[in-house]
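This report describes one protein model. The sequence and structure come first, followed by notes on selected parts of the fold.

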Amino acid sequence: MRERRQASTDRRRAREFEAFVAGAAGRLLHAATLLTGEPADAKPRAEQLLTAALARTYADWDRLRDGDPYDRARQELVTRYARGAWRHPRTGEGLLGRLSPQERLILVLRLYEGVAEEQTAALLGLPVDRVRAICARAVAAMRRPAPPRRPAGHWPLSLLSAHSRQAAR
């Protein structure tokens, strides 16, 4: 009898989680793509982040009865991104690729996710004024025109002329 009840509970839990993922995964994946700075058509890091965040959310599913599973999944996504970004900072080619990891994180939380400054500050362990300043700096950086991109293997003319002078010696 107990095994049957447990199996029924497991099926209900799986159905609830699947419904949650069906409704929230697209938005969470977009947030992860913005965070990683990857282009929309190639986003392996964003997909890894989302998978790990959803796995942790599923593990905590029974404890989320009174809470919001989306907030929990977003918090896990942000935490995992922050841990990895601080260890391996890289700029991406995506929409927010020219921002620092911290700027991307705050911009995504504040403007894309609509998280209040106070909540963002608490989540990241920063003062509210710092969150406000970083957000303003990120918005200003996004308003500036992007620097022109050089094709791969293309050297700036100044470097080529310096290199050719050394080779001529």
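How many residues does helix α6 have, and how far does it reach from its first C-alpha to its last?

## Helix α6

The model is predicted. In it, helix α6 covers residues 128-143, which is 16 residues. From its first C-alpha to its last it reaches 23 Å, close to the 22 Å expected at 1.5 Å a residue.

Five residues of α6 are named as buried: V131, I134, C135, A138 and A141. Viewed down the axis of α6, the buried residues fall within an arc of 125°, so they line one face of the helix.

## Overall fold

The protein has seven helices and zero strands. Read from the N terminus, its elements run α-α-α-α-α-α-α.

The protein has 169 residues, of which 34% count as buried. Among contacts with a separation of 6 or more, residues 24 or more positions apart account for 61%.

## Y112 in helix α4

Y112 belongs to helix α4, which runs over residues 101-112.

Leaving aside residues up to four places away in sequence, Y112 touches R27, H30, A31, L34 and L107. A31 is 81 residues from Y112 along the chain, while the C-alpha atoms of the two are separated by 7.5 Å.

## The cavity

Rolling a probe the size of a water molecule over the atoms shows where empty space is left. The count comes to one cavity of 30 Å³ or more. The largest cavity has a volume of about 40 Å³.

Which residues line the largest cavity? The lining consists of L28, A31, L35, R74, L77, V78, V108, L109 and E113. By class, seven of these are nonpolar, none is polar and two are charged. Three helices, α1 (2-36), α3 (69-87) and α4, each supply at least two residues of this lining.

Notes: Residues numbered from 1 in each chain as written. Predicted model: local features only at pLDDT ≥ 70, side-chain atom pairs only at ≥ 80, totals over all residues. Heavy atoms only, no water. Helix = DSSP H or I, 4+ residues; strand = E, 2+ residues; numbered from the N terminus. Contact = heavy atoms within 4.5 Å. Expected span 1.5 Å × (residues − 1). Buried < 20%, exposed > 50% of the residue type's maximum accessible area, 1.4 Å probe, protein only. Arc of directions from axis to C-beta. 1 Å grid on protein atoms, 1.4 Å probe; cavity = no way out; pocket = protein on both sides within 12 Å on 5 of 7 lines; lining within 4 Å. Points joined across faces, edges and corners; volume = space filled by probe spheres on them. Nonpolar A, V, L, I, M, F, W, Y, C, P; charged D, E, K, R; others polar.
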